[in-house]
Amino acid sequence: MNNERFSSYYKAQHIIPDEEWDQFMEALRRPLPTTFRIAGSREIAHALNDAIKKTYVPLLSDVVFEGDVIPPPSRIPWYPEDLAWQFNVSKKVLRKQQAFKKFHSFLVHETEVGNISRQEAVSMLPPLFLDVQPHHKVVDMCAAPGSKTAQLLEALHAQDTATATSIPPGLLIANDSDSKRAHLLIHQSARLPSPAFMVTNLDASIFPVLRLPATTADPRRGSKKSPNQLLFDRILCDVPCSGDGTLRKNIGIWKRWQPMDGNGLHSLQTRILQRAMRMLEPDGRIVYSTCSLNPVENEAVIAAALNSNPDFQLIDVSAQLPELIRRPGISSWAPTVNRTINTTFKTWDAYNDTLTEEQRADSKMSETHWPPINAESLQLHHCMRIYPHLQDTGGFFVAVLERKPRKSNASVAVKRDAEEAEITVPEAKKVKLDLGGLPEPQASVSVPPTPMSEDDGSRPLMLDTVEADAQAVTDTKKTIFKGKPKLSDPSFKEMPYTFLEPDDPTLISCIDQLNLTASFPSSNILVRNPAGDAVRSFYLTNDLVKAVVLNNDYTRMRLMTSGTKVITKQEAGRGLEAQFRVLGEGLPVVLPYIDPSVILDAEFATLKTLLVTYYPLCTSFSDPFRSVIENKSPGSHIVRFPAGQSNDSTLSHDLLVPLWKSNVSVTLMIDKKAKSALSLRLFGEDITTAARDGGKKAPQTSQLPQDTGDIVPDEGAGNEDEDAILEDEGDNEAEQY
């Protein structure tokens, strides 16, 4: 594998010392190791990590396959708490060597339920340097396929336990400009349900201003207009790039690589970073990253952004992750002006002087492609370059930016300048704001969303708008429009978001049926339909997400999803009224609000029966569980299996799962992938019906006896969602084992 243009270009950039060039190229030609990290709550993560250390590493330590010794998995040395691993074996070994085949099955099932994330090692770095805390307001500007988004969500949920999900006060907005990839984010996020999560479908370079009601504003803000403008504490800009750092896994790049790809992306990358700078809180942090080696996409972008906004600086994070081997950013590079790797022009002026007026108009090159005259003073060496030959990884670039420290009496003026700076946007990309289509608010109901501007709020807010926003927080009633409201973006076809009144009859009935306590945040329940009817599914958000939804036009921000789906209406069998049930993926969120006295206890034998059989009869269980379940009314129930040991398995922590009881039988209401993962974790083999039947579909309701009232378990975390779910389309980070 070779590409002369690649070699010529990067030798001219001097990114690698001459004595390391051969090692660098040899590493690029080797297959990339398989890497993964343990995800989910800290308790579950450490339990799974122990299983890998104590069960699978010893099992795989003395494997010989076709005469070769196969090394076992090893930890990635720089990842916190030893929660990331790598191994380097061929697919043939994974499929034919029994010990590795068993390990592979374990990885696949745990990945499908979200406990393990298959992710390239260097891709794990940006969220670590972002340092997200549960109270932070976070936006992932270019989020799909979602591996880094998942890391950010986990950081936001650092206080989760093994059985219950916390409701963090912060929020995470995952944005992607491609609608299909945005839907993939929704699917991926179902593995870690969060009331603090939102997905938007926007061009990151013109990400619009989001409004908040004045009463929820951060007290750190000083200008009159900013109390209802949402600024972010942490922003990740993992921007679109040429991707030549991924040569080890995307070998097609060897054939098609040419440097003009990076030249063409430079402008977009710069505009995304500049937009992020204007969206940041005064004491916030931005992480900019690419999987490219090209300085035009890396240091050149950082330099252009810093020179356009001198209030920012690069942060030295060399003391963080001390076991990560990295190289400093460079301050000198030589962009090529064509495909022939012409790097002879040392400055923009030297190149520009050779062009005719017509050529200048057509040129994609700009002054910021070249090193600025103040490159050394920008401290570009604080950027981080990761090379494949250093720790057997892909190539990567990371930079951490923050605002420069300011005296307190100057901070307000500096912040106002940052917020009000205009964004230079081509006219074709500007969306015209139609204010006339928004209806007047009706008496005693919440106000319509406050329109957003794309010029970062350069126009002052009217006083009555601020007061109306404040009213939106105290008024929890759903918005009611006369007729059909005119939307800011009629092309956006997603269903609207409507918060239910806490005294909505259907919601009250649901709370009663599921034995939810008075602390349940009923004012934060939304539905996805224009009329606001509690038709099928209930979503739960935190207060901050609710404030964003209420105060912004959802079509303008192209909101794809908000909060997490926790409860659904279940049409039961003949003779039974429709009831509500807690979804399997929603149980960790709802669990803290379920009356503890109604949670059933059961033993390992009961769990094994529920895994082996789709619809075991109540009479098939042993006492005491048999007597308990037979005396329960049909509907949704929660069962707890206490931590402990049995003859053939161990539970490291309490396991709580949703159960559906019909007239004569019960059903474990988690999808078949989660059942298989649970079975492998507990019993070392997949004992589920799906595995036994060779992956055949579960019997449908129509195949059951007509008087049982049985229902089909959830088949996938988002199967009932109104939103379309798309499978992975081969993105670099959405990998398979």
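How many helices and strands does the secondary structure of the protein comprise? In this predicted model, the secondary structure amounts to 23 helices and 27 strands. The protein has 737 residues, of which 56% count as buried. Among contacts between residues at least 6 apart in sequence, 77% join residues that are at least 24 apart.

The interior was examined next. In soluble globular proteins, nonpolar side chains tend to be buried together. The largest nonpolar core of the model contains 137 residues. Those with the most contacts inside this core are F129, M141, I235, C237, I286, I302 and L401. When neighbours within four places in sequence are left aside, M141 is in contact with N175, D176, A204, F207, I235, L236, C237, I272, R275, A276 and M279. Two of these partners, I235 and C237, are themselves listed among the core residues with the most contacts.

Helix α1 spans residues 4-13 and helix α2 spans residues 21-29. The two helices pack at an angle of about 140 degrees, and their axes lie 13 Å apart. Because of this angle, α1 is classed as oblique to α2. The crossing in which α1 passes α2 is right-handed. On the α1 side, the contact is formed by F6, S7, Y10 and K11, whereas α2 contributes W21, F24, M25 and L28. By class, six residues of this contact are nonpolar, one is polar and one is charged.

Terms used. Residues are numbered from 1 along each chain as its sequence is written. This is a predicted model: local features need pLDDT of at least 70, side-chain atom pairs count only at pLDDT 80 or more; totals for chains, interfaces and linings use all residues. Side-chain values use heavy atoms; hydrogens and water are left out. Axes are lines fitted to C-alpha atoms, for helices over the stretch in contact, and angles run from 0 to 180 degrees between N-to-C directions. Helices (H or I, at least four residues) and strands (E, at least two) are DSSP runs, numbered from the N terminus. Angles under 35 degrees count as roughly parallel, over 145 as roughly antiparallel, 65 to 115 as roughly perpendicular and the rest as oblique. A crossing is left-handed if the near helix is turned anticlockwise from the far one by less than a right angle, and right-handed if clockwise. Contact means heavy atoms within 4.5 Å. Ala, Val, Leu, Ile, Met, Phe, Trp, Tyr, Cys and Pro count as nonpolar, Asp, Glu, Lys and Arg as charged, and the others, Gly among them, as polar. A nonpolar core is a set of buried Ala, Val, Leu, Ile, Met, Phe, Trp, Tyr and Cys residues joined through side-chain atoms within 4.5 Å. Buried means under 20% relative accessible area, exposed over 50%, partly exposed in between (1.4 Å probe, protein chains only).
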